[in-house]
Amino acid sequence: MLSPQTEGEPTNTAAVVYPNCDDFRNHAGLQTLELRVVGMDCAECAHHVQTALAALPGVAEVQVLLAAEKALVRLDPQSVDRQTLAQAVEAAGYHVPTDATQHAPNAPPHHGPNVANQVLTLFGLVFGAVLLVVVLGEWLGLFAALTAQVPFWLGAALVILAGWSLFANVLRAARRGQVLAHTLMSLGALAALVVGEWPTAAVVVFFMRIGEYAEQFTAARARRAVRNLTALAPQQARIEREGTTFMLPLHEVQPGDLVIVRPGEQIPVDGEVLTGQATVNQAAITGESMPIEAMPGTPVFAASIIQFGSLRLRATRIGADSTFGKVIRLVEEAETHRAEVQRLADRFSAWYLPVVILVALLTFILRGDALATAAVLVVACSCAFALATPIAMLASIGAAAKHGLMIKGGKYIEQLARADLLLVDKTGTLTLGRPQLTDVLPLATWSSDELLALAAAAEEGSEHPLAEAVRHAAHARGLQVPEAAHFSAIPGQGVRAIVSGQQIAVGNARMLQRLPPEIGNELATQGKSLLYVTIDGQLAGLLAAADTLRPEVAAALERARGLGIKRIEMLTGDNAAVAATLANELTIDYRADLLPEDKIAAVQAYQAEGYTVVMVGDGVNDAPALAQADIGIAMGAAGSDIALEAAHITLMRDDWRLVPQALAIAQRTMGVIRLNLGFTAAYNLIGLSLAASGILPPMLAAAAQSLPDLGILANSSRLLKWREERGWYNGP
């Protein structure tokens, strides 16, 4: 279903942005084409590309992804083709690579110098250029001498030649009714030429070039986290067919193919291990640095790396359909979910340029100073407003993605930063989702180890989760479990088997002819499941099992309270006794015996009271509540289509520590954005005031215009750092 654009965003009747790109890609009747677009440096650029493509006959919808440098175009292939689309992009001032480079292999991740050092270096170059202009040009009279000695026509020609590509872009944009970041500076250079100050115009062009580089540098740094993630995608696979092994490009691999992965190699597809055993690093998917041990039956994910051993697996999902492919898509498309603060910045940019032009006109009318008027036009930095929010959002989303925390867009970062209510599912979320044996209570002369060993032997043939808990407990104690014979399962009751010549039965109370009074009542009131063990028809003891709490949950909830969560409540379909035991242990509220629709109703009720609701669940039966919440967080979403689609934030591993980390990231990101916007507004206000009063000459105004982008990048780059202390994200 199509979704209208949000208020405050650029609108175009032929261009609709889909909040869910699966809707976009799979819309029936038309074809979706993906174009790589080079040269976009800010949201304004993306809007120009979208407008140019949407205006073509046969184009139904357009979505431009700035961070991914691509455009998704839904079109009628009979009316428009790739070449026509490329020509429209070129006419808008941007570039579409040739077909040969459209799907070029990903470059390896870039690990260049520290971003802070690069920013300081660029800032130093700009500051040095400013000093050069001031000392040589103003104090030593170099510009006055040049004006006197060099003919005006020659100086003007040099200015036009040096800035021709910039001026041409501005002219082309003006013909399309567009205003670029360099439009005002071009007018300032023209004003300097009109009054005969060609050296001033030359300095303006020089700093336009520096500003252009600064913008490209800033955008490239913001994209780097996304690009490095994309670069991890595997490109080929070793396939086994009819006894022959050979390498195949990934796009030629089919589900069901047998894939061989050797030590040190990257697993190219999602699949299930058939044979072999290996230590697998899944950091690219889950962000977890500790590897797992893969063996037959273990699901593995594309982009994971085998450290030791080798595997033979059957491919289930390939390329964009793999879990890693979906993660990349989520990160690329995160910018489509725009935060309210970003729309506010867009609205500010829309009226900022007319205000600057008005200030320039008033300066010329009231002061009659053409150079002061030029300085007003030159110092205005509209692009900084457009960059202030998306640069920070991209840095935050990209850095979080590398650590297994998928945030679908700035909208959810902004909402999470002001969240004050946390609702949590129980089974599989607060708990491990599988029963574990908690008590072994022998009767008569039997020891606990003897009782557990006999029960584990009888349960050897059972697939029931409680049977697995019994076997696991016996293994954990290192017990020698004897062989069982004549195994039989009694539906709804339990199992029987002959062990060491004795008839062993393990099951619920219905297996017993007569239950001794009060036995197990205390354990039952704690919400535990009871298994009675009989030996040759006599009750020998009982076992108690419960779904156990994740070890990191208590500390994570306490950390969440410290980050502004005022109330925490557990929503569960389990019975009240079980819920009460767990809730009391965690000191949280609870609601029990809930159906999925009851959980949605609870979310809606709290939203009606004015809470900003975070819902944490496992992404399967909790999917409706996750979607209803202001921020839905799915636990352990690796490999889960439902979780990746339903939740607004997905944790790629079962680690509750990521929940308070997400809260901390959101709050720090919004702090950085507010600082970006405040800095930009103050910088432009001061610059315009100084320029209009004649204090700031055009030359220095041109230099000053280049600095806000670097300030925004330096501030936003703090979000690229991920430092953990005692397991918690603390920011830089």
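**Exercise 1. State how many aromatic pairs the model contains, and classify each pair**.

*Solution.* The count comes to two aromatic pairs, where rings of Phe, Tyr and Trp (its six-membered ring) pair if their centres lie within 6.5 Å; planes under 30 degrees apart count as stacked, over 60 as edge-to-face and the rest as tilted.

Step 1. The ring centres of Tyr606 and Tyr611 lie 5.6 Å apart and their planes stand at 85 degrees, so this pair is edge-to-face.

Step 2. Phe679 and Tyr683 form a tilted pair, with 5.6 Å from centre to centre and 50 degrees between the planes.

The structure is a predicted model, in which local features need pLDDT of at least 70 and side-chain atom pairs count only at pLDDT 80 or more, while totals for chains, interfaces and linings use all residues. Residues are numbered from 1 along each chain as its sequence is written, and side-chain values use heavy atoms, with hydrogens and water left out.

**Exercise 2. Determine whether Tyr606 is buried or exposed****, and then treat Tyr611**.

*Solution.* Buried means under 20% relative accessible area, exposed over 50%, and partly exposed in between (1.4 Å probe, protein chains only).

Step 1. Tyr606 has 3% relative accessibility and therefore counts as buried.

Step 2. Tyr611, with a relative accessible area of 24%, is partly exposed.

**Exercise 3. Identify the buried residues of helix α7 (residues 152–162) and describe their arrangement**.

*Solution.* Helices (H or I, at least four residues) are DSSP runs, numbered from the N terminus.

Step 1. The buried residues of α7 are Gly155, Ala156 and Val159.

Step 2. Seen down the axis of α7, these residues fall within an arc of 100 degrees, so they line one face of the helix; the arc is that of the directions from the helix axis to the C-beta atoms.

Step 3. Trp153 and Leu161 are exposed on the other side of α7.

Conventions: Helices (H or I, at least four residues) and strands (E, at least two) are DSSP runs, numbered from the N terminus.
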